[in-house]
Amino acid sequence: QSRLVSVSEGLDSSQGGRMVFAILSERAREEAKDMAKRVKIGHDSHKAEGRRGTGRPPFGLYSAPGSGKVEPHPDEYGTARRLADLLLARKTTKDTAHQLNEEGYRTRSGATWSPTAVSKLAQSPLFAGMVPVRRRKTDEHGNPLDSWEGYGEPLRDETGEVIMCGKGVVTPGEWFKIKALIAERTDDRWAKGKPEAKYLGTGSYRCGRLRDKKGTGELEPCGGSMSHRGGRYRCEVRQTRGKSICEGVVTLADRIDHAVGQAWIHHITALEPGDPVVIEIARRWLAFADPETQARKNEAQKALEAAQRRVKKLEDDFYVYGKMDEERFEELSEGQRAVIESIAATLEALDAEADLSPLTQVAALREAWEAADMADKRMLLKCTLGKKGITVKPAARQGDHTPILERLEFDWLSKKDTATEK
Ligand SMILES: [Zn+2]
């Protein structure tokens, strides 16, 4: 049965792996059972009309015993709302914690606020009055245990809408925005440059000085990020770890920024409208410009993939292992198909909402560049680059007048990136 082979991660039962194979089958059965239970619990909680679950509600909220609902806590709400407002004003979790402490706010136990406490609280679905998804805990071998823990995602009904259990400190809209803002800062793609930086190359320029990175005697480009100070970009590795690690690269900021701007326009104008790369650039740009829609799309996409995985497991359990009667199988897969259809509809609606068309024309992108301020330009540049960014090779010697462009190596976003980064 070829199906069985693929299910078991490519393990071929003819290659003397029968014992492992038997264990895997057993495991697959357990997983299917667990999954069936999860589906049922999902349905039950819909019927229960959004109860918050057990445990103390998060800071800022109160729950009347037995009500299953949350409401603002009279003493804590003010602090919690201040915390949310600081995050919504684009303060980092660190600055938010600092500011709260400065203003004399304390946690429930009277402690000072930490960036982690701020981040965990603000990203808990209950903070917005939404019922969290609960996941079954597993032991160290990954086997399911009989206890469940809240997870950082809101539970959704069949139509993809979040399920509420009262009034939170923030609205769901604000919650998604906060989550996107925190993710934006931790997401590798954006985090390299400080959000408030005013220079084009922060986060995109990389030191191209050759050095022996692995201690094998083989030279490769440093790759350190370049930071801006006093009108010049310099290799961070040299700044922080010293000349003996990397001899570094220094370049005049105005000169390189101007050259990169010209190169960007040149590169964009050479692309065809409708090129998948142009669409990917537009998609990334929109994700930056509209983090809330993007966060909702990511949530929906994750939910869709989870539902598709559940269907696959259901099919394996029924067709391959025969551990479920047909009626049960039909019932469960019907439920999953409904979930998939509704999420797909949600995604479609979100796609329609996030209209890419104004940005998929090359001319429009070029205009966007010309009208953009420095922060927007920096993001447009990042949207167009692959992971390696722009490598700045060192000047051959002092007073080297080689045009700066010849010292730059661009890793432009390619078709390959659009295929794999989805
Ligand atoms: Zn370097």
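**Entry 1: ground rules**

I call a residue buried when its relative accessible area is under 20%, exposed when over 50%, and partly exposed in between, using a 1.4 Å probe and protein chains only. By that rule C246 is buried, with a relative accessible area of 1%. I am working with a predicted model, where local features need pLDDT of at least 70 and side-chain atom pairs count only at pLDDT 80 or more, while totals for chains, interfaces and linings use all residues. I number residues from 1 along each chain as its sequence is written, and my side-chain values use heavy atoms, leaving out hydrogens and water.

**Entry 2: the zinc ion**

Which protein donors does the zinc ion have? I found C207, C222, C235 and C246, each giving its SG atom, lying 2.3 Å from the ion. Donors are N, O and S atoms within 2.8 Å of the metal (3.2 Å for Na, K and Ca); water is not among the atoms, so sites may look incomplete.

I noted the spacing of the donor residues in sequence as C-x14-C-x12-C-x10-C. C222 sits in the loop between β7 (220-221) and β8 (226-229), and C246 in the loop between α8 (236-241) and β10 (250-252), so this pair ties together parts 24 residues apart in sequence. Helices (H or I, at least four residues) and strands (E, at least two) are DSSP runs, numbered from the N terminus. Like C246, C222 is buried, at 2%.

**Entry 3: ring pairs**

I counted eight aromatic pairs in the structure. Rings of Phe, Tyr and Trp (its six-membered ring) pair if their centres lie within 6.5 Å; planes under 30 degrees apart count as stacked, over 60 as edge-to-face and the rest as tilted. One of the pairs is Y205 with Y233, edge-to-face at 4.9 Å centre to centre and 70 degrees between the planes. Y205 belongs to strand β5 (residues 205-207) and Y233 to strand β9 (residues 232-235), so the pair ties together parts 28 residues apart in sequence.

Are these two tyrosines buried or exposed? Y205 is buried at 0% relative accessibility, and Y233 is buried at 0% as well.

I then looked at F410 and W412: their ring centres are 4.8 Å apart and their planes at 5 degrees, so the pair is stacked. F410 is partly exposed, at 23%. I also saw F318, Y319 and F329 linked into a cluster by ring pairs.

**Entry 4: confidence**

pLDDT is the predictor's confidence in each residue, from 0 to 100. The chain has a mean of 77, and 74% of its residues reach 70 or more. Among its elements, I found the lowest mean pLDDT in helix α1 (residues 2-7), at 36, and the highest in helix α3 (residues 77-88), at 96.
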